[in-house]
Amino acid sequence: MSLPKKHYLETKKLLKKIPKSKISKWLLEEGYYPEPYVVPPSFEIQKFELNNNPFYEVDNSGAQPKFDPDRNDLVNVSFPKTQLTNRTFGIIAPKIYHDLVWYIMNEWDLVIKTLFRSTNKIYSYSFPIPVSKKNEGDLGHLRAGRMIYEFLEMAENDLVAEAYNYKYILKTDIKNFYPSIYTHSIAWAIHTKKLIRTKGNRTNYNKFLGLKLDRLVQNSNDGCTNGIAIGPAISDIIAELVLSAVDNDTSKIIDSKKIDFLGVRFKDDYRFLCHSKEDANVIIKTLQKQMAQYNLTLNESKSNIEELPEGLFREWTADFQPFSIRYRNKINYKKFESSLRGTLKVDKKHEGTGVVDRFLSELTTNKNVLKFDFKEKDLEKAISLLLLLKERRNKSFPQILGVIEKIIRNNKGKPKILSKINSIIKNTINEKLKNIEENEYDLIWLIYFVKSLNLFPIKFPKKIKSPLIKSLKANRTEFFKPIPPDIKLFVTIKKPGKNKELLDHLALFKNNI
């Protein structure tokens with residue numbers, strides 16, 4: 001049995017040992033908001049429990065069943081992915097999110113059966129719920145940590161160990177995946193398109209879980225049938241349901257052609273080991289054809305076939321190794337600058353990788369102790385360079401602020417450096433407040449940073465559209481009103497020293513599995 005298949009079956013086995021009550025609790029409390037680098041610590045669940053009944057139930061009073069949850073808009077937050085494109089994350093209205101969890105839990109056995117099909121030979125490494133061999137029957141907390149672990153397990157361990165059996169690797173991914181998911185395809189994935197399109201079944205909400213999920217997802221996004229929210233854990237489960245059907249259909253067809261292959265997937269990223277370029281071309285054409293059945297398309301610009309062992313490794317990790325400070329407990333300014341300059345070189349060579357995040361994570365120990373052993377004048381230069389680094393990777397901004405927060409906490413008795421940091425942050429936030437719409441992502445992190453450390457009063461403009469910025473300004477939830485009284489979506493910003501530190505909130509590359 002291959003390592004990917006073992007992993008796949010082990011995930012199923014571990015999942016079945018976890019009580020549904022723990023899974024629903026995790027989905028509601030840990031999975032409601034997008035991953036930690038998207039929103040600051042105030043956007044964290046205080047209370048969110050699974051009720052005995054859903055908020056929205058099927059109406060059987062008429063000739064045909066009706067299911068009409070209230071329509072809502074997603075609360076979106078974006079950051080620039082490239083110069084021309086944004087990555088937009090969504091927060092789902094709490095009552096709809098609750099019901100997505102409720103209905104999935106109500107038919108959990110069907111969900112597991114759909115996710116883990118015996119005939120599937122493309123093995124997923126992106127199950128969002130953090131199961132672990134170390135704690136059977138229990139769940140972890142850090143979804144980001146789980147996802148990083150799963151990707152590394154797939155890309156750097158299992159696939160490499162199996163590669164000796166094959167000659168080529170095919171890599172491909174889905175174009176614009178989450179925004180392209182057709183909500184009707186959720187029901188097709190769970191129940192098959194043929195069954196759902198059979199006369200009398202299209203509106204049989206009592207019988208088909210997929211139809212209820214379809215309508216809930218639509219009405220979380222103002223009735224749109226294209227696209228699901230990026231970020232919430234429930235979206236990741238729905239995405240896995242859809243792709244499990246694609247993977248299973250693809251596996252059957254490739255198998256019928258007697259092609260020997262090993263397929264793995266992490267979210268929308270596919271990798272196949274095979275024996276020839278001809279086999280690779282059959283695989284990618286088959287996958288593309290099955291994707292089309294679910295209104296999805298592969299990304300041609302990111303599809304390639306390479307001769308092994310090329311294509312097995314993340315090249316940036318080897319290139320970054322000489323500049324890494326991972327195993328040092330203390331670094332001087334010279335070493336910091338050298339590592340940063342090396343990081344910039346690697347980032348330029350391998351654009352869009354996680355090298356900047358890795359560099360930033362190595363500035364602190366696993367217990368988030370800052371490694372800097374700097375003179376005061378060097379701290380000013382370091383802060384300037386860290387803020388410039390944000391221009392290379394927008395996603396890294398929260399980590400940069402987290403490191404600066406550590407500098408502030410470590411230099412409480414040094415008014416000169418604190419005054420300099422205040423001046424830099426004040427100028428930055430005032431400049432960004434001139435165009436809130438363009439700078440929303442940076443601003444939600446800056447506002448939390450300033451308020452949690454009580455650095456200075458922020459002069460907000462009179463009109464603010466962003467519900468996230470409104471919430472941080474008011475220090476309470478300012479979206480999805482009215483919220484049921486037993487759901488608490490916001491953690492009040494308290495006095496300095498009593499708020500969650502940014503690096504504890506992020507904890508992306510620390511030992512969390």
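I take contact to mean heavy atoms within 4.5 Å. The model I am reading is predicted.

**Entry: D158**

I looked up D158 and found this residue in helix α5, which spans residues 143–162. Leaving out residues up to four places away in sequence, I listed what D158 touches: L3, P4, H7, Y125 and E153. Y125 came up again in the polar contacts. The side chains of D158 and Y125 are joined by one of 2.6 Å.

Next I checked charge. Is D158 buried or exposed? D158 is buried, and I found no salt bridge for this residue. K133 is the nearest side chain of opposite charge, 8.8 Å away.

**Entry: nonpolar core**

I turned to the largest nonpolar core, which has 168 residues. Those touching the most other members are L27, Y97, W108, F336, L363, F372 and F449. Which helix gives this core its largest share? Helix α10, residues 233–256, does, with eleven residues. In soluble globular proteins, nonpolar side chains tend to be buried together.

Beyond four places in sequence, F449 touches L401, I404, E405, I408, I425, L455 and L502. The charged residue E405 is on that list.

**Entry: cysteines**

How many disulfides does the structure hold? I found zero. C274 has a relative accessible area of 0%, so I noted C274 as buried. C224 has 34% relative accessibility, so I noted C224 as partly exposed. The cut-off for buried is under 20%.

Technical notes
Residues numbered from 1 in each chain as written. Predicted model: local features only at pLDDT ≥ 70, side-chain atom pairs only at ≥ 80, totals over all residues. Heavy atoms only, no water. Helix = DSSP H or I, 4+ residues; strand = E, 2+ residues; numbered from the N terminus. Buried < 20%, exposed > 50% of the residue type's maximum accessible area, 1.4 Å probe, protein only. Salt bridge = Lys/Arg side-chain N within 4 Å of Asp/Glu carboxyl O. Polar contact = N/O pair within 3.5 Å; in protein donor to acceptor, adjacent residues only side chain to side chain. Core = buried A, V, L, I, M, F, W, Y, C linked by side-chain atoms within 4.5 Å. Disulfide = S-S within 2.5 Å.
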